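Please look over the structure below. The paragraphs after it go through some of its strands, helices and contacts in turn.

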Amino acid sequence: MTGRRPFWLFTALAFGYSFLYLPIITLIVYSFNDSRLVTVWGGFSTRWYAELFRNEQILSALWLSVRIAAMTATLAVILGTLAALTLVRFTHFRTRMLFAGMVAAPLVMPEVILGLSGLLMFVTLEQAIGWPPGRGMTTITIAHVTFTSAFVAVIVQSRLSQLDVSLEEAAMDLGARPWKVFFVIILPIISPALIAGWLLGFTLSMDDLVIASFVSGPGATTLPMVVYSSVRLGVSPQVNALATLIVVVVATGVIIAGWLLHRQTRRRDR
Amino acid sequence: MNAGPAPPETAGASSLRRRFDRGVKSLTQGRLGRAAVIALPYAWLLLFLLLPILIVLKISFAEIALASPPYTPMLQWAEERTLALQVHLGNYAYLWQDPLYLGAYLNSLKVAAVSTILCLLIGYPMAYGIARAPAGWRIVLLMLVILPFWTSFLIRVYAWIGLLQGNGLINHLLLSIGLIDQPLVLLHSNFAVYLGIVYSYLPFMILPLYATLVRMDLTLLEAAADLGCPPWKAFLTVTLPLSMPGVIAGSLLVFIPAVGEFVIPDLLGGPDSLMIGKVLWTEFFSNRDWPVAAAVAIAMLAVILIPLLLFQRIGERETTGDRR
Amino acid sequence: MPQQRRDPAVLEAWQDPDARPFLEIQNVTKVFDAHTYAVDDVSLRIYKGEFFSLLGASGCGKSTLLRMLAGLERCTQGRILIEGQDITRMPPYERPVNMMFQSYALFPHMTVEQNVAFGLKQERLSGREIRSRVAEMLELVHMTEYARRRPDQLSGGQRQRVALARSLAKQPKLLLLDEPLGALDRKLRERTQFELVNIQERVGTTFIMVTHDQEEAMTMSSRLAVMDVGRILQVGTPSEIYEYPASRFIAGFIGAVNLFEGRVVSCEEELLVIQSDDAPGEIVMYHANPLAVGTPVTVALRPEKLRVLDTPPRDDRNWVQGTVREIGYLGDVSIYHVGTRQNRTVQVQVTNRARRTAGPLTWDDSVYLGWDNDAGVVLTA
């Protein structure tokens with residue numbers, strides 16, 4: 001029994017991981033293919049990378065996406081943390097159900113609905129009060145903050161609800177005023193959740209095509225929008241190169257984060 | 001020892017209330033602090049989440065018009081200085097009558113349900129394998145599941161285009177080993193849509209499953225074996241029921257976004273793989289029919305809310321059952 | 001046992017009608033959900049330097065009362081005064097009171113040193129002052145060499161000591177302890193009882209401790225209050241509570257007890273004669289206040305106050321007869337459960353003076369049990 005079970009578990013894992021990684025690996029391999037065709041191996045080359053770095057459109061879209069994502073992640077952490085705090089700490093107030101529902105809604109709403117409703121609202125607002133003037137980076141950021149803060153709220157909420165209430169009581173008992181308790185006790189303890197929330201917000205924003213397509217205007221083209229329009233036309237070696245760079249950056253980040261986490265737990269165990 | 005009569009416990013409700021009292025005091029002794037915490041997210045969500053949906057609802061009752069924005073207003077000054085309320089139900093009737101929309105809804109639900117089951121079939125053994133792997137390996141295996149999620153969703157879908165297309169890698173491989181004589185039509189098919197959804201959402205299935213499986217007390221299985229239960233039966237009667245919360249969470253995380261999916265059917269699907277997210281997109285961007293797009297969105301929300309409420313009802317019944 | 005050394009001038013303060021109480025709790029009530037009385041009209045006077053315990057089963061309201069003293073819970077009614085100053089509405093961060101939490105509530109992201117310094121920093125003391133006070137506190141609890149560790153690198157006993165040092169660092173007028181030894185294992189708990197009492201004597205702070213462990217309350221406190229369903233049933237020194245319980249509930253709650261139900265048949269000065277269905281002869285007991293003939297009473301007798309006799313007493317008073325049903329050998333003493341002719345089980349405790357495998361009695365032995373007329377207490381409640 002003990003001999004057979006690891007075998008089929010091993011098979012399941014091997015199959016699952018090759019399913020997850022083979023497509024990504026082919027992308028990486030073909031990003032170094034000199035030929036434009038997928039089926040033909042034209043020899044090793046880095047020419048697509050060189051072309052990628054000369055592609056003004058992609059570079060400016062990347063820069064725009066990074067700015068939007070950083071802004072989104074920061075605002076989403078603030079909003080999401082406040083929302084989580086409200087949900088965990090204020091269990092009794094009128095319209096709490098409405099609030100809880102609104103916080104969770106973006107988790108279950110299809111992106112097309114978020115995008116469409118965002119756009120229709122911006123159009124209506126502009127007609128009614130003249131703000132926002134046209135659509136672009138600001139409107140994309142607002143729409144992204146709205147849906148990413150739900151994810152941040154979930155992460156922070158789970159951390160906050162594990163937090164021992166007597167820690168706060170102890171701090172107050174020792175003379176710290178409520179706001180000080182928040183900044184000196186709660187914030188440092190939940191900071192890993194805030195960092196995770198920020199990274200998640202950044203990634204979700206960087207990755208979003210659908211919402212951005214709805215709420216952006218002329219002149220504001222994010223990276224996924226550029227990739228999408230070139231991908232619709234078929235396989236593009238430059239996108240392969242871009243994909244490879246993204247995988248490398250993300251993998252490095254995840255490995256560093258994992259290593260830091262590992263080191264931290266080891267130090268704690270000592 | 002004579003311990004004396006046990007004093008009666010105070011009502012369970014009081015402990016709940018006590019937690020509330022504690023909470024109120026800790027961060028927000030004053031009303032000001034409390035208001036400051038609630039106001040910002042509340043206002044944001046009202047303005048940028050609830051209001052937009054109400055606007056969509058409103059526009060779904062309008063008619064398309066050659067104007068900017070391209071729909072008729074709901075409130076209009078009629079000639080005799082009276083305010084006329086125009087509610088136009090035509091869009092919904094149109095959705096119901098045109099087989100295209102109804103078909104798209106049903107197809108979306110079918111594709112999402114089948115993909116969810118496929119994800120479960122592939123994801124459960126993987127989650128089980130990771131949870132039972134040596135502790136040192138678990139974190140690495142888990143990272144490997146999460147890693148693709150952090151890379152671009154769009155690019156992961158794109159990766160399949162190169163593999164599936166007529167002159168793509170898979171056809172090339174099959175032709176060269178002589179399994180087929182002419183390229184298979186893999187891309188732009190329902191098959192490709194299923195593949196894309198399973199591939200993209202598999203991590204969402206594995207993570208909650210892993211979380212419940214790894215928390216499971218393994219002595220339960222030892223107890224089952226001790227009581228004469230063979231491993232496969234122990235799996236069916238102990239492990240599987242205990243991992244149900246993970247199964248439900250994972251299924252919802254796959255099913256719900258899959259229903260409204262746009263990118264996958266757009267890039268991998270064919271003309272017959274109509275999904276509602278794509279219909280909405282086309283209606284809006286190509287036909288520029290905002291009222292119909294709004295009606296499609298409202299109907300889609302309803303379609304998604306129903307299974308959600310159902311699951312929540314089941315979850316509630318289970319928790320009250322536990323308490324009893 | 002870590003009995004408090006008695007300094008009559010300080011510790012008998014509660015007997016002095018002119019003494020000013022250090023802490024006054026006046027008719028304090030806490031209502032949850034408009035009808036659940038967690039604390040119901042509690043009044044207490046506690047004097048400087050006392051080690052006072054609130055004893056009761058879980059849910060009796062003792063922790064709620066403690067949290068109201070700390071300011072973590074608002075009083076629904078009543079007042080709390082420290083040295084005559086009303087602190088009922090004072091927020092926790094302004095009260096001259098500190099608390100040691102049951103979970104210790106050590107800040108996980110701070111070192112031992114930073115934890116102890118936390119309260120001092122809130123007072124904006126100078127760095128040097130903080131350092132010297134922290135060092136002093138860590139020395140008091142023997143944790144100096146662990147100053148740079150984080151709470152998750154400490155054992156349960158070490159955490160407990162850090163929590164104590166942190167709550168004492170601000171030199172509070174009153175220290176509240178919520179089940180301070182609850183999370184420790186038995187051996188460590190006994191040792192820590194001594195330590196805690198020693199520290200209290202050294203710093204001279206008034207301590208109020210909440211516990212559900214009657215042994216802990218008995219060994220450590222100068223006085224204790226027994227609580228049940230939000231009310232205080234009896235306040236007194238440990239020996240008062242043990243020897244003169246005010247009710248059957250308290251007699252049963254603290255220590256083991258045999259209860260005999262009966263009625264007063266005569267009252268000769270301070271001697272009550274009681275007729276009971278549980279004993280063959282009359283029961284005669286001292287009782288300070290005279291009771292009317294016919295009053296229903298309960299006689300409470302501690303197992304160690306009974307004697308094993310060979311024959312019934314000649315005056316036919318204060319005895320029962322039965323057979324040994326159960327034997328509990330505890331090393332120093334043995335406990336026998338004796339089934340009486342009246343179909344009752346009576347517990348008797350015998351000191352094992354000689355070394356042998358069991359006590360002098362064995363199963364199914366027929367025995368007579370007798371007691372003196374000052375061995376028990378007559379209860380009317």
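Two strands pair if DSSP finds at least two bridges between them. Helices (H or I, at least four residues) and strands (E, at least two) are DSSP runs, numbered from the N terminus. This is a predicted model, in which local features need pLDDT of at least 70 and side-chain atom pairs count only at pLDDT 80 or more, while totals for chains, interfaces and linings use all residues. Residues are numbered from 1 along each chain as its sequence is written, and chains are lettered from A and ligands numbered from 1 in the order in which they are written.

Chain C holds an open sheet of 6 strands in the order E6-E7-E8-E3-E9-E10, with mixed pairing. Strand E6 (97-100) and strand E10 (231-236) of chain C each have a single partner strand and stand at the edges, so one side of each lacks a neighbour in the sheet. On average, neighbouring strands of this sheet are turned by 20° against each other, direction ignored. Axes here are lines fitted to C-alpha atoms, for helices over the stretch in contact, and angles run from 0 to 180 degrees between N-to-C directions.

Which strands are joined to E8(C) by bridges? Strand E3 (residues 51-55) of chain C runs parallel to E8(C) and is joined to it by 5 bridges; here Ser53(C) has Met209(C) as its bridge partner. Strand E7 (residues 174-178) of chain C is also parallel to E8(C), again with 5 bridges. In this pairing Leu176(C) is the bridge partner of Ile208(C), and Asp178(C) stands opposite Val210(C). From E7(C) the chain crosses through helix H6 (residues 186-203) of chain C to E8(C), a right-handed β-α-β crossover. Right-handed means that, with the strands pointing away from the viewer, the path from the first strand over the helix to the second runs clockwise.

Is strand E8 (residues 206-211) of chain C mostly covered or uncovered? A residue is buried if 20 or more other C-beta atoms lie within 10 Å of its own, exposed if 12 or fewer, and partly exposed in between, with C-beta atoms placed from the backbone. By this rule 6 of the 6 residues of E8(C) are buried. In a regular strand the side chains alternate between the two faces of the sheet. One side of E8(C) has Thr206(C), Ile208(C) and Val210(C), the other Phe207(C), Met209(C) and Thr211(C), and all are buried.

Elsewhere in chain C, Leu306(C) lies in the loop between strand E14 (296-301) and strand E15 (307-309). Leu306(C) counts as buried because it has 25 C-beta neighbours inside 10 Å. Neighbours within four places in sequence aside, Leu306(C) is in contact (C-beta atoms, placed from the backbone, within 7 Å) with Leu301(C), Val348(C), Leu369(C) and Trp371(C).

In chain B, 11 of the 12 residues of helix H6 (residues 153-164) are buried, among them Arg156(B) and Trp160(B). In chain A, 7 of the 9 residues of helix H7 (residues 165-173) are buried, including Glu168(A), Glu169(A) and Asp173(A). Just after H7(A), Gly175(A) takes a positive phi of about 105°.

Methods: Expected span 1.5 Å × (residues − 1). Contact = placed C-beta atoms within 7 Å.
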